[in-house]
Amino acid sequence: MTGSRELVAAVRTTKQFLTYVASGPFQYAVAEALALPDTYYAAFRDGLRAKRDLLDAGLRDAGFQVHVPQGTYFITTDIAPFGETDALTFCRALPEKA
């Protein structure tokens, strides 16, 4: 930003306050979450893993090469075996193909 010294100082100060307090309301949620029992998180993890594995199996059955995720539930596939090179075009065409 450019401007007078006073204007730049005011914008910089505002930016600093917004950066450091924007997540303030989440602190209450985090405090509540930290109080939950370990069983909650184990069930949450297991549920996400089951859904990930179901998607993994379905994609493999459909002919996709699936890159097995390590520590996440996001799945990455390779569209090259389908003769495709443009991921955006491929994804936009999927609803019609389905």
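This is a tour of the structure, stop by stop, from the whole chain to single residues.

The model is predicted: local features need pLDDT of at least 70, side-chain atom pairs count only at pLDDT 80 or more, and totals for chains, interfaces and linings use all residues. Residues are numbered from 1 along each chain as its sequence is written, and side-chain values use heavy atoms, with hydrogens and water left out.

**Whole chain**

Start with the protein chain in cartoon view. Four helices and two strands are present, in the order α-α-α-β-β-α along the sequence. Helices (H or I, at least four residues) and strands (E, at least two) are DSSP runs, numbered from the N terminus.

Turn to the principal axes: the C-alpha atoms fill a box of roughly 60 × 45 × 25 Å. The radius of gyration of the protein chain is 23 Å, whereas a compact globule of 98 residues would have one near 13 Å. That radius is taken over C-alpha atoms, and the globule rule is 2.2 Å times the number of residues to the power 0.38.

Now show the surface. Of the 98 residues, 8% count as buried. Buried means under 20% relative accessible area, exposed over 50%, and partly exposed in between (1.4 Å probe, protein chains only).

Of the contacts between residues at least 6 apart in sequence, 5% join residues at least 24 apart, a contact being heavy atoms within 4.5 Å.

**Helix α3**

Select residues 38-61. This is helix α3, whose 24 residues reach 34 Å from the first C-alpha to the last, close to the 34 Å expected at 1.5 Å a residue. The expected span is 1.5 Å times one less than the number of residues. After α3 comes Gly63, with a positive phi near 100 degrees.

Show side chains on Arg52, Asp56 and Leu59, the buried residues of α3. Their packing partners are β1 (65-67) and β2 (76-78).

**Asp56**

Zoom in on Asp56, which lies in α3. Is Asp56 buried or exposed? Asp56 counts as buried because its relative accessible area is 13%. Leaving out residues up to four places away in sequence, Asp56 touches Val66 and Ile75.

**Arg49**

Next select Arg49, also a residue of helix α3. Its relative accessible area is 40%, so Arg49 is partly exposed.

**Thr76**

Finish at Thr76 in strand β2. Thr76 is partly exposed, because its relative accessible area is 49%. Which residues does Thr76 touch, not counting residues up to four places away in sequence? They are Gln65, Val66 and His67. Then draw a line from Thr76 to Val11: these residues are 65 apart in sequence and 41 Å apart in space, C-alpha to C-alpha.
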